Amino acid sequence: TTPLLTLPKNLLLSLIQQQDQSYNMDNDQLYYLSISEAAALLRRGQISPLALTRAYLDRIHAKDPLINSYVTILADSALKEAVTATLEIEKRTYRGPLHGIPIGLKDLFDTEGIRTTAQSKVLEHRVPDQDATVVSKLRDSGAILLGKLAMHEFALGGPTTSLFKPARNPWCIDRIPGGSSSGSGAAVAAGLCMGALGSDTMGSIRGPAALCGIVGLKPTYGRISRSGVLPLSWTLDHCGPMTWTVEDAAIMLETIAGHDPKDSTSSSVEVPPYSSLIAEIPRGIRVGVLRSYVIDSQEQMDPEALANFEHALREMASIGATITDVEIPSLISGDAANTVIMLAEAFSYHRNNLQLQPENFGHPARTRFYTGGLFTSADYLHAQQVRAKIRHQTQDLLQTVDVLILPGSRSPAPEFATIDPLATSLGGGFMSLANLTGFPAISVPSGFNSIGLPLSVQIIGRAFDEPTILRLAYAYEQATKANRNRRPDL
């Protein structure tokens, strides 16, 4: 009758041996499963949460030194949670599709009794006394927390930070995995967790997803609670799932979405059963292509990425989408507006620590935050006016089409050696539209370039219409199988 989480380690290990004698340390197939595939096996008792968790912990031990995706590994507590989940499922107390699934968290989601640092010396010893709302929901679902994942410092300063090494792209470790949810993208792509949570202020879920060849979903603003999530920009921040498949993203969204009274921006709009809606065939869906915006950016677009985008549009047409070129006139100012709002709000949040302990910020983070202090109130208000104009024009446009399409990134993942850490704060590529409007957006793998680096396409929808973008993303994923059976060679 002793609660499992209070068992001494020797008794825990004994129980592990009793409960999971069939565990095979060399079973690579376990970490190649999607969440939905693993959930079916777990529910039928064909594998146990314990076997799955141990396989992932072994893989983290063997492979993460190459990737640096984890900043805190929670092996002991993960095994205890896995024992609990194993016994619950054996007793037919099944909590749902995340029960027994090993996941990771970007290190800005508060975790009770577990260090949460935002990868900064400023918070090196910070240990929250309660979980973020989304973490509580994941725990209630029976998910297994493997650890906390690397990120850009305070979700802005990177890839180098004042605390921990930067995460690396598992497709090529000399290249960046994107930011700021760098560890989340790298860990999922490397098979070091089955799903992860990231945050997105100027593309920080979708960017790493695009560069790491996985699915990244930024829901509608207010769809997921941000209570207990360290902020970067109050009016632009979003939280969301990062997974191997669209179905897995829908499963995670369904679990963590919903109203939270602890978050004043949280929406009370009803949460639909996303995972059961995605398979509806999106025949006749009207797809608006922001082609002139993409072409205007062509000097910065990698030619292979541009060709891949055009190929993705043809694939969507082949599954029944109607493709139409559209424009958002004010979008040309979107990156600038997003940057001003983000940096001004970030400076406001970090101002006291910048005065008291500037030496504990990494150079990229400190420089960017100081830049935010240079904007005037007039600059900030003007950026918000531009934002309102873009939102209004986008909302009107989405009355004539169902979704908008953009490339997931301007290029494949660049090498660390070529990165200017300060220049990356000056533009969000094709990401800022969804943050400025607060509309949902999903990055979906669309293949590889000639040297095997992932490429992606981005789908943006109406507010709280995640089902539509998920349906199109799922149909495209099923039709192309772009990245499904190809994994990084570690």
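This is a predicted model: local features need pLDDT of at least 70, side-chain atom pairs count only at pLDDT 80 or more; totals for chains, interfaces and linings use all residues.
**Entry 1: Ala336**

I started with Ala336, which counts as partly exposed because its relative accessibility is 47%. My cut-offs: buried is under 20% relative accessible area, exposed is over 50%, and partly exposed is in between (1.4 Å probe, protein chains only). Residues are numbered from 1 along each chain as its sequence is written, and side-chain values use heavy atoms, with hydrogens and water left out.

Ala336 sits in helix α12 (residues 334-356). Helices (H or I, at least four residues) and strands (E, at least two) are DSSP runs, numbered from the N terminus. I also checked Ala336 against Arg387: they are 51 residues apart along the chain, and their C-alpha atoms are 9.9 Å apart.

**Entry 2: the loop between β2 and α5**

I looked up two residues here. Lys121 lies in the loop between β2 (102-106) and α5 (133-140), and Val127 has its place in the loop between β2 and α5 too. Lys121 is partly exposed, because its relative accessibility is 41%. Val127 has 48%, so I put it down as partly exposed.

What does Lys121 contact, leaving aside neighbours within four places in sequence? I found Glu153, Ser162, Leu163 and Asn360; contact means heavy atoms within 4.5 Å. With the neighbours within four places left out again, Val127 is in contact with Gly113, Ile114 and Arg115.

Then I took some C-alpha distances. For Val127 and His363, I got 236 residues in sequence and 24 Å, C-alpha to C-alpha.

**Entry 3: Thr468**

Is Thr468 buried or exposed? It is buried, because its relative accessible area is 14%. Thr468 belongs to helix α16 (residues 466-480). Not counting residues up to four places away in sequence, Thr468 touches Ile285 and Val403.

**Entry 4: helices α2 and α4**

In α2 (residues 35-44), I noted the buried residues as Ile35, Ser36, Ala38, Ala39, Leu41 and Leu42. They pack against α3 (49-67), α4, β4 (195-200), β6 (238-243) and α8 (246-256). After α2 comes Gly45, with a positive phi near 80°.

Next I checked α4 (residues 75-90). Its 16 residues reach 22 Å from first C-alpha to last, close to the expected 22 Å; the expected span is 1.5 Å times one less than the number of residues. The buried residues of α4 include Ala78, Leu79, Ala82, Val83 and Leu87, and also Lys80 and Glu81. Arg92 follows α4, and its phi is positive, near 65°.

**Entry 5: the whole chain**

How many helices and strands does the protein chain have? I got 16 helices and 11 strands. The radius of gyration is 21 Å, close to the 23 Å from the globule rule for 490 residues, so the chain is as compact as a globular protein of that length. That radius is taken over C-alpha atoms, and the rule is 2.2 Å times the number of residues to the power 0.38.

The C-alpha trace spans about 65 × 60 × 45 Å along its principal axes. Buried residues make up 62% of the 490 residues. Among contacts with a separation of 6 or more, 80% come from residues 24 or more positions apart.
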